[in-house]
Amino acid sequence: MGIRAFVLFASKIWNFICFVVRKQLRTVIQHQTVKYDVLPLSPLSKHRLSLVKRKILVLDLDETLIHSHHDGVIRQMVKPGTPPDFVLKVTIDRHPVRFFVHKRPHVDFFLDMVSKWYDLVIFTASMEIYGAAVADKLDNNRGILNKRYYRQHCCVRYGSFNKDLSAITQDLSSIFILDNSPGAYRAYPDNAIPIKSCLESQFTSPWIVIIRYIMMQFEFYCHICTSICVIMHV
Ligand SMILES: [Mg+2]
């Protein structure tokens, strides 16, 4: 074997090793334990918080807070064998359908955090019978996801479901929407917080970044300098 052929062969082996290591690393990162520490508000910020009008954070469900698939889906998008966080049995057009729902990692923590600063509203383009069942599960009797809007509250434009924020409040300076679908907030780009879909982000989307961003919006618009600090330990 000539030198050139040997270098080519060695380079191919090296690339293969790098590929395997990167793949394994991604799997490890995806399943690592994350612990959040939250420092509380100072008494002054707490007092100021009690004086300001609460703002509204609108949350999409599918591919934002959760990913789900139902019976009969031949090609599942999640890794085969991954157990769902919960299974819903819903009757659609008189047919019982089971939905296997995977929560976005740390979504319970996320909801706990943002519900301290915002009134939360679920706005999904899904059918009410399914969306309500998912929202009930995510709420888990905390009473933080009581306000809900469904497919019948959306309007269809340019082939996608648009979510009308003015149906929730006329004060558009006090409302944000977190949604994986740009079509949903097409009419309200200034109110949007885009997020990658669960699948696109391989379920590893850093909530920490989203929480920090939402917190900054809150500080800016409410003129409260919070002492809340969210630290991620890996
Ligand atoms: Mg969505």
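This is a predicted model: local features need pLDDT of at least 70, side-chain atom pairs count only at pLDDT 80 or more; totals for chains, interfaces and linings use all residues.
**Exercise 1.** Which residues in helix 3 (residues 107-117) are buried?

*Solution.* First, the ground rules. Residues are numbered from 1 along each chain as its sequence is written.

Next, the test: a residue is buried if 20 or more other C-beta atoms, placed from the backbone, lie within 10 Å of its own. In helix 3, F110, M113, V114 and W117 pass. They share a side of helix 3, because they cover an arc of only 85 degrees around the axis (taken from the directions from the axis to the C-beta atoms).

**Exercise 2.** Work out the order of the five strands in the open sheet.

*Solution.* Strands here are DSSP runs of E, at least two residues, and helices are runs of H or I, at least four, numbered from the N terminus. Two strands pair if DSSP finds at least two bridges between them. Follow the parallel pairing and you get 7-6-2-10-11. At the edges sit strand 7 and strand 11 (192-194), each pairing on one side only.

Now zoom in: strand 6 (residues 118-123) and strand 7 are joined by three bridges, in the parallel sense. F123 has Y149 of strand 7 as its bridge partner.

**Exercise 3.** Find how strand 8 (residues 154-157) pairs with strand 9 (residues 160-163).

*Solution.* Count the bridges: there are four, in the antiparallel sense. V156, for one, is bridged to F161 in strand 9. Two residues lie between the strands of this hairpin, and Y158 takes a positive phi near 50 degrees.

Definitions and conventions. A residue is buried if 20 or more other C-beta atoms lie within 10 Å of its own, exposed if 12 or fewer, and partly exposed in between; C-beta atoms are placed from the backbone.
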